[in-house]
Amino acid sequence: MRNFYWVVVCMLLAFGCTKEKHGLDMANMDRAADPAHDFYQYVNGGWLAKTEIPESESRWGVFSEIRDQNKKQIRSLLQEVAHGNHEAGTNAQKVGDFYRTGMDSTKIEETGIAPLQPYLDDIDGIRTFEDVLSVVIGHQKLGSGALFAVFSEGDFKNSEMNTVYAFQSGLGMPDRDYYLNDDDRFKNYRTEYTTHLQKMFELMGDDSTTTQASAQTVMNIETRMAHASWSRVQLRNLESWYNKRSWAEGKKETPNIDWQKHFEKLGVNNVDYFVLAQPGFFKEINAMLTAVSIDDWQVYLRWHLINATAPYLSSEFVAQDFHFFRTVLRGVKQQKPRWKRITETANATLGEALGQLYAEKHFPPEAKEKANELVENLRAAFKTRIENLDWMGAETKKNAYKKLENLVQKIGYPDKWKNYSMLGIKDDIYVLNVIRANEFEFDYDMKKVGKPVDKSEWGMTPQTVNAGFHPIKNTLTFPAGILQPPFFDPKVDDALNYGAIGAAIGHEISHGYDDQGSKFDMDGNLKNWWTEEDRKSFEAKTNVIVEQFNNYTVLDSVPVNGKLTLGENIGDQGGLAIAFDAFKIALKKKGSAGLIDGFTPEQRFFLSYGTIWRNKYRDDAMLNLVKTDPHSPPQYRVLGTLSTMPAFHEAFDVQPG
């Protein structure tokens with residue numbers, strides 16, 4: 001659960017094309033379309049017509065293009081360190097050995113499931129429900145997500161200090177809807193999941209009769225958990241998470257779980273409370289611990305062990321894992337080449353060790369300086385917008401200014417790098433290196449509990465093609481991965497930069513003031529800093545956005561969830577408005593560049609914004625997006641956002657109706 005709300009809310013956007021090209025590619029447009037009727041088609045119609053989703057992908061767009069380019073750059077770095085001789089304990093040694101063992105398919109095939117035997121022995125040794133919890137601790141460390149998740153984070157009401165959160169988890173499919181929705185498509189997912197479970201147990205050596213029973217056992221346990229799980233919309237309400245419990249209160253509420261003992265085994269021993277994020281879910285887990293038989297818990301934990309490690313095992317496990325999670329659930333037709341998969345895993349597990357090498361080679365200091373300058377312009381524009389709000393009173397505005405002043409911006413790469421000295425990566429077996437890396441990250445996370453929050457810590461790697469806002473730290477993060485041409489290109493006119501990276505920066509700033517971010521004050525505490533009247537005005541306006549997006553559909557009849565996507569839709573609308581204001585300030589300072597490719601600067605601003613959202617999805621991937629993702633489908637991030645902007649109407653002469 002380290003990737004929870006503020007990581008989920010960050011914009012999944014990017015831009016991609018070869019570095020030799022600068023500016024807009026007119027061939028990607030559909031000039032026959034009417035920009036007033038369908039701006040998304042007008043900007044991206046040419047690209048949509050000629051682009052096919054690669055067989056190995058569930059979707060393809062500008063984010064995918066730049067991410068793919070980054071993987072090639074990172075692969076080059078990985079190959080370089082993998083073929084060198086490095087001093088033991090250095091980041092280069094660890095990164096090199098990790099990549100080399102991942103690419104050693106011969107050894108991976110030879111060892112099969114054998115490296116997991118100690119974990120399987122622990123499961124076989126379970127005799128009581130207390131033993132179940134003890135084994136779960138090991139699974140939490142290696143990242144299986146069995147039963148429930150734990151993570152450290154700043155205390156919602158004491159943002160200077162880290163505490164520990166217990167969070168719902170335990171499902172094998174992406175979301176509770178996959179277990180509970182009666183739509184035919186979801187019924188098919190459940191049928192396919194049962195088959196997948198049987199095949200995985202078969203690969204682990206079980207006979208056909210046992211595999212059928214085991215698959216049903218897992219489905220029964222996970223379906224019960226799904227009924228107790230909060231929906232995605234409920235999870236967006238951060239206030240409802242904050243259920244602070246002393247150890248005694250936690251034990252009274254869930255008597256089968258000794259929380260103090262559990263967290264001490266995880267290395268947490270310097271706090272006297274924790275946060276029980278979803279009390280109803282844990283009430284059900286408490287009941288299940290004794291209601292479910294030990295044999296069934298063993299089956300469930302065997303499944304979650306293999307589910308967490310299958311991508312790093314022999315080819316038969318990899319192939320079956322790919323079939324269900326990528327082909328069935330996302331419509332992907334072809335497995336990625338091994339080097340891409342190993343690169344992605346290295347990125348995820350050794351992020352900053354690899355990121356330090358990446359930043360040195362691919363992000364010069366002058367790029368960081370220019371990006372910081374652009375952020376400052378956006379902050380100034382946002383302050384002016386606060387000043388001009390006719391519905392927000394002076395008292396609330398005063399607090400809004402303070403929050404903006406306290407916002408910490410992090411651009412490109414960290415000033416202080418993560419210390420990997422306690423991580424031991426060996427030149428032995430790939431899956432064990434993945435487990436070691438996951439356990440290191442987990443221990444690193446738990447060691448923060450009870451200690452001051454470090455606002456300089458990133459939470460993203462430099463090579464990440466993404467951006468984010470953190471409400472407790474009140475920080476804005478833009479890694480080097482997204483700050484490259486043409487998303488951010490010093491060689492193009494301001495219109496394109498402000499329409500692309502400017503909108504992204506504005507989006508992230510706006511998250512501090514969206515329906516959830518606005519509940520945190522200038523210091524990152526969950527505290528109301530609004531007058532009652534202003535909050536009511538704000539909620540009335542945001543309800544209009546909810547209804548607007550509820551009326552959009554995908555796949556002919558599947559509605560977008562306006563409540564689930566509200567925060568991101570506020571971010572899009574606020575961010576683009578801020579970016580346009582900042583762009584107009586830049587025009588006044590530098591003068592207009594005039595017509596380029598037949599378009600005014602204002603038109604190019606909106607063309608740039610529309611371009612960054614070009615995307616194609618497979619049907620299953622689109623369904624997954626609208627059911628689980630707080631971001632709206634890309635076409636509505638363009639059409640829904642621009643439809644509310646008078647400046648867009650003026651630029652393209654959009655008439656009423």
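How many Å² does the accessible surface of the protein come to, and what percentage of this surface belongs to carbon and sulfur atoms? In this predicted model, for which local features need pLDDT of at least 70 and side-chain atom pairs count only at pLDDT 80 or more, while totals for chains, interfaces and linings use all residues, the accessible surface comes to about 26300 Å², with 48% of it belonging to carbon and sulfur atoms; accessible areas come from the Shrake-Rupley method with a 1.4 Å probe, and for residues only the protein chains shown count as cover. Residues are numbered from 1 along each chain as its sequence is written, and side-chain values use heavy atoms, with hydrogens and water left out.

The secondary structure comprises 29 helices and 11 strands, where helices (H or I, at least four residues) and strands (E, at least two) are DSSP runs numbered from the N terminus. The radius of gyration, taken over C-alpha atoms, is 25 Å, close to the 26 Å that the globule rule gives for 657 residues, so the protein is as compact as a globular protein of that length; the rule is 2.2 Å times the number of residues to the power 0.38. The C-alpha trace spans about 75 × 55 × 55 Å along its principal axes. Of the 657 residues, 59% count as buried, a class defined as under 20% relative accessible area, with exposed meaning over 50% and partly exposed in between (1.4 Å probe, protein chains only). Among the contacts (heavy atoms within 4.5 Å) with a separation of 6 or more, 76% involve residues 24 or more positions apart.

Four strands form an open sheet of mixed pairing in the order 2-3-5-4, two strands being paired if DSSP finds at least two bridges between them. Its edges are strand 2 (148–155) and strand 4 (244–246), each of which pairs on one side only, and neighbouring strands are turned by 35° against each other on average, direction ignored. Strand 2 pairs with strand 3 (residues 158–168) in the antiparallel sense over 8 bridges; within this pairing, A149 has F167 of strand 3 as its bridge partner. Helix 22 (residues 430–446) packs on the sheet, where it touches strand 2 and strand 3 and makes about 40° with the direction of strand 2; axes are lines fitted to C-alpha atoms, for helices over the stretch in contact, and angles run from 0 to 180 degrees between N-to-C directions.

Helix 15 lies across strand 2, strand 3, strand 4 and strand 5 (273–276), running at about 45° to strand 3. The 13 residues of helix 15 (residues 279–291) should span 18 Å at 1.5 Å a residue, and its end C-alpha atoms are 18 Å apart, which agrees; the expected span is 1.5 Å times one less than the number of residues. Its buried residues include F281, F282, I285 and L289.

Three further positions were examined individually. A359, in helix 19 (residues 351–362), counts as buried at 6% relative accessibility. Leaving out residues up to four places away in sequence, A359 touches Y413, W417 and P462; the C-alpha atoms of A359 and Y413 are 6.7 Å apart, although 54 residues separate them in sequence. R232, in helix 11 (residues 232–235), is partly exposed at 26% relative accessibility.
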